[in-house]
Amino acid sequence: MTDDYLSRIGNLIRDARKHRGWTQTQLAEVLNTSQSAVNRIEKGHQNLTLEMLARIGEALDSEIVSLGGGPVHLRVAGGRQLSGSIDVKSSKNAGVALLCASLLNKGRTTLRKVARIEEVNRLLEVLNSIGVRTTWLNDAGDLEIVPPAHLDLSSMDAEAARRTRSIIMFLGPLLHREDGFELPYAGGCDLGTRTVEPHLTALRPFGLEVKATGGQYHALVNRAITPGKPIVLTERGDTVTENAIMAAARHDGVTVIRNASPNYMVQDLCFYLDLLGVKIDGIGTTTLTVHGRADIDVDVDYAPSEDPIEAMSLLTAAIVTKSEITIRRAPVEFLEIELALLEEMGLDYDRSTEYLAENGRTRLVDLTTRPSKLHAPIDKIHPMPFPGLNIDNLPFFAVIAAIATGQTLIHDWVYENRAIYLTDLNKLGGRVKLLDPHRVMVEGPTHFSGTEMMCPPALRPAVVTLIAMMAAKGTSVLRSVYVINRGYEDLATRLNSLGAQIETFRDI
């Protein structure tokens with residue numbers, strides 16, 4: 001490798017490490033090397049093998065190197081207005097939950113229009129490694145899943161499992177299939193310490209006990225223990241609720257789950273289980289009553305609903321670039337608070353009459369935006385469990401507030417350090433002040449200017465940065481965008497179909 005390449009690779013590694021919140025010593029411990037060696041690598045003074053680059057990339061959950069070459073970057077020519085119309089794709093979070101839930105069923109599951117994203121790819125790698133047969137049926141994203149009679153958990157692809165937080169949702173389905181099993185520690189977005197204890201609290205009434213040692217969750221199931229009273233979730237989390245529902249689905253009896261999340265991916269899971277013959281009362285509320293079945297063997301066909309977070313991403317891109325576009329198939333039930341807040345801020349838009357998604361349950365609308373002069377809201381912007389403003393939609397309001405007149409306080413009380421990544425907008429000319437790990441003050445209006453920067457390691461802040469670059473004067477480069485590909489399918493290509501100018505490239 002030339003000195004120039006070594007320096008550029010070293011800069012990528014340094015930025016990825018800092019975004020993950022690690023010291024050189026912490027990275028060295030994971031790589032089983034010295035802090036001084038990491039220091040030499042980051043300064044471009046150390047020759048690197050492809051094997052070492054791959055290990056560093058895995059440790060930092062960043063595509064420092066891949067079979068196709070180096071990490072994927074985006075070059076954005078900003079300042080272009082968008083036009084035309086675009087369909088919202090199916091829900092990423094529903095898709096991964098349904099992949100996990102397919103383990104409950106002995107029969108064939110066919111899921112329609114599944115998002116072909118990296119998070120789904122990692123789960124498919126895990127499922128295939130334990131004996132599940134998965135087949136993409138066509139270019140539309142229809143996916144067939146056929147489980148084996150017996151899962152081979154000893155052959156699980158641990159590397160793929162560690163690169164997704166969704167692996168934690170194997171606990172609920174597997175506790176009915178295995179008396180004991182192991183799962184690798186869950187990975188995914190770097191959003192601070194997200195304990196698994198709420199999951200374990202929800203699943204202990206079904207006899208599951210988990211110990212975490214040696215990079216693994218070691219699970220044992222006591223079949224003599226079954227729920228004797230309603231399960232009260234200590235956290236109204238989406239994945240926690242899904243794990244409890246999946247455990248209850250194969251419990252031969254009635255399980256009441258209180259403080260359940262009624263969010264969109266939870267509803268999709270319930271609609272799917274209904275087709276499997278698992279009756280669930282209270283869908284869309286915080287109290288669910290699950291009538292489980294000890295044995296499920298059904299060939300089922302289900303279409304997960306559209307993704308409200310992708311809809312919000314597209315809506316934000318239109319607002320920030322001051323564009324008139326039509327966003328079709330937006331799940332309005334999960335966007336109503338966001339739209340009400342945007343109306344308060346001065347957004348001019350139209351919505352169509354409501355119609356149903358392919359699942360026959362979820363309400364959709366088409367949204368047409370118009371260039372609008374926005375002002376800061378009167379109150380702070382903060383998320384709440386559904387039906388409040390969605391936690392994953394909160395970061396988009398940082399870049400929206402940046403183009404609005406006035407000061408906007410954004411309070412991200414859920415994650416310990418996601419708000420920190422919103423200050424990356426300052427590199428593009430924004431005025432975002434970090435008040436504490438959970439709160440930022442955004443001053444607008446902002447005239448963004450192009451720059452080159454490392455992609456934030458958290459999914460939604462990464463897309464927020466990309467959207468700001470679309471509005472910025474000049475050309476920007478966003479480096480190492482694997483995290484965006486985890487949650488969005490062909491986002492750059494789809495934005496280009498609306499008139500954006502985003503080029504995908506590699507430089508190694």
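Residues are numbered from 1 along each chain as its sequence is written, and side-chain values use heavy atoms, with hydrogens and water left out. Because the model is predicted, local features need pLDDT of at least 70 and side-chain atom pairs count only at pLDDT 80 or more, while totals for chains, interfaces and linings use all residues.

**Exercise 1. Determine how helix α5 and helix α6 are arranged, and which residues bring them together.**

Step 1. Helices (H or I, at least four residues) and strands (E, at least two) are DSSP runs, numbered from the N terminus. Helix α5 covers residues 92-101 and helix α6 covers residues 118-129.

Step 2. Axes are lines fitted to C-alpha atoms, for helices over the stretch in contact, and angles run from 0 to 180 degrees between N-to-C directions. The two axes lie 10 Å apart, at an angle of about 5°. Angles under 35 degrees count as roughly parallel, over 145 as roughly antiparallel, 65 to 115 as roughly perpendicular and the rest as oblique, and α5 is therefore roughly parallel to α6.

Step 3. Contact means heavy atoms within 4.5 Å. On the α5 side the residues are Lys92, Val96, Leu99 and Cys100, and they meet Glu119, Val120, Leu123, Leu124 and Leu127 of α6.

Step 4. Ala, Val, Leu, Ile, Met, Phe, Trp, Tyr, Cys and Pro count as nonpolar, Asp, Glu, Lys and Arg as charged, and the others, Gly among them, as polar. The contact of α5 with α6 has seven nonpolar residues, two charged ones and no polar ones.

**Exercise 2. Check the length of α6 and find what its buried residues pack against.**

Step 1. The expected span of a helix is 1.5 Å times one less than its number of residues. For the 12 residues of α6 this gives 16 Å, and the end C-alpha atoms are 16 Å apart, which agrees.

Step 2. Buried means under 20% relative accessible area, exposed over 50%, partly exposed in between (1.4 Å probe, protein chains only). The buried residues of α6 are Glu119, Val120, Arg122, Leu123, Leu124, Val126, Leu127 and Ser129.

Step 3. These buried residues pack against α5, β4 (133-136), β5 (143-146), α7 (158-162) and α17 (482-487). Just after the helix, Gly131 takes a positive phi of about 105°.

**Exercise 3. Describe the sheet on which α6 packs.**

Step 1. The sheet is open, with four strands in the order β4-β5-β3-β13 and mixed pairing. β4 and β13 (300-302) are at the edges with a single partner strand each, so one side of each is left without a neighbour in the sheet. From one strand to the next, the twist averages 15°.

Step 2. Two strands pair if DSSP finds at least two bridges between them. β4 and β5 run antiparallel and are joined by four bridges, and Thr135 stands opposite Glu144 in β5.

Step 3. α6 touches β4 and β5 of this sheet, and the direction of α6 makes about 140° with that of β4.

**Exercise 4. Is Thr289 buried or exposed, and which residues does Thr289 touch?**

Step 1. Thr289 belongs to strand β12, residues 287-291. Its relative accessibility is 19%, so Thr289 counts as buried.

Step 2. Leaving out residues up to four places away in sequence, Thr289 touches Val254, Thr255, Val256, Lys279, Ile280 and Asp281.
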